[in-house]
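Please keep the model in view while reading.

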Amino acid sequence: MVEPKYKRVLIKLSGEALAGSKGVGIDIPTVQEIAAEIKDVKDSGVQIALVIGGGNLWRGEPAAAAGMDRVQADYTGMLGTVMNALVMADALQREGVDTRVQTAIPMNQVAEPYVRGRALRHLEKDRIVIFAAGVGSPYFSTDTTSALRAAEIEADAILMGKNGVDGVYNDDPRKNADAYKFDELTHMEVLKRGLKIMDSTASSLSMDNDIDLVVFNLNEPGNIKRVVLGEHIGTTVTNNISE
């Protein structure tokens with residue numbers, strides 16, 4: 001059996017990943033497929049935390065641009081991430097995976113409040129933990145949530161599954177046929193080039209805490225496990241590029 005490259009990971013999924021071919025909302029069969037793949041990764045001996053965006057249900061920035069108060073728009077988006085987390089937790093439970101949802105905004109009737117020590121204990125007990133409601137404050141993205149929580153739980157890497165995009169490019173490959181994919185980048189290069197993998201706050205947090213980021217295509221079955229086992233797929237962002 002191949003030894004996993006990473007022992008503890010934080011998997012960042014976009015909300016759109018849960019929508020499947022519909023593009024919006026939540027498609028339960030798609031969620032169940034993702035849950036089955038995550039279970040397969042967990043069974044290889046990897047401790048897993050999840051952060052899921054809310055873009056399939058709500059986007060705060062366009063709402064604010066249309067005139068809604070930005071703070072209220074962001075809080076609404078946080079509630080969307082909680083909905084996605086609860087649905088994913090249910091799918092994982094149906095796969096036989098003990099799962100806990102922790103929210104940055106207290107809502108004790110549906111989930112635990114985020115407590116770092118408790119999250120670490122869940123991971124040590126082989127449970128999956130899903131972090132929801134962002135960091136609990138407006139103006140911070142779920143990318144930043146991923147970087148912050150990954151640092152707090154001392155994750156080895158952030159695995160960022162993208163819909164139909166197999167890595168990081170110097171330009172949009174859907175618009176520019178000459179765009180090329182990076183196999184490896186440093187966090188500093190990402191910031192200097194202005195590559196839109198994560199927002200700059202999340203990139204800086206990942207760099208400062210020396211956390212690898214692997215960007216890969218989520219739509220190809222088995223890719224999460226391939227990344228965990230050390231296959232060179234997608235793009236790896238780190239502080240030091242290997243020679």
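## Backbone angles and a helix pair

A133 is found in the loop that links β5 (128-132) to α5 (142-152). The model is predicted. A133 is not a glycine, yet its phi is positive, about 70°. Is A133 buried or exposed? A133 has a relative accessible area of 1%. The cut-off for buried is under 20%, so A133 counts as buried.

The table sets out the two residues.

| Residue | Phi | Relative accessible area | Class |
|---|---|---|---|
| A133 | about 70° | 1% | buried |

Now the helices. Helix α1 (residues 28-42) packs against helix α3 (residues 70-94) at an angle of about 60°. Their axes are 9 Å apart. Roughly perpendicular starts at 65 degrees and roughly parallel ends under 35, so α1 and α3 are oblique to each other. The crossing of α1 and α3 is right-handed.

Which residues make the contact? From α1 come I28, V31, Q32, I34, A35 and I38. From α3 come V87, M88, A91, L92 and R94. By class, the residues in this contact of α1 with α3 are nine nonpolar, one polar and one charged.

Definitions and conventions
Residues are numbered from 1 along each chain as its sequence is written. This is a predicted model: local features need pLDDT of at least 70, side-chain atom pairs count only at pLDDT 80 or more; totals for chains, interfaces and linings use all residues. Side-chain values use heavy atoms; hydrogens and water are left out. Helices (H or I, at least four residues) and strands (E, at least two) are DSSP runs, numbered from the N terminus. Buried means under 20% relative accessible area, exposed over 50%, partly exposed in between (1.4 Å probe, protein chains only). Axes are lines fitted to C-alpha atoms, for helices over the stretch in contact, and angles run from 0 to 180 degrees between N-to-C directions. Angles under 35 degrees count as roughly parallel, over 145 as roughly antiparallel, 65 to 115 as roughly perpendicular and the rest as oblique. A crossing is left-handed if the near helix is turned anticlockwise from the far one by less than a right angle, and right-handed if clockwise. Contact means heavy atoms within 4.5 Å. Ala, Val, Leu, Ile, Met, Phe, Trp, Tyr, Cys and Pro count as nonpolar, Asp, Glu, Lys and Arg as charged, and the others, Gly among them, as polar.
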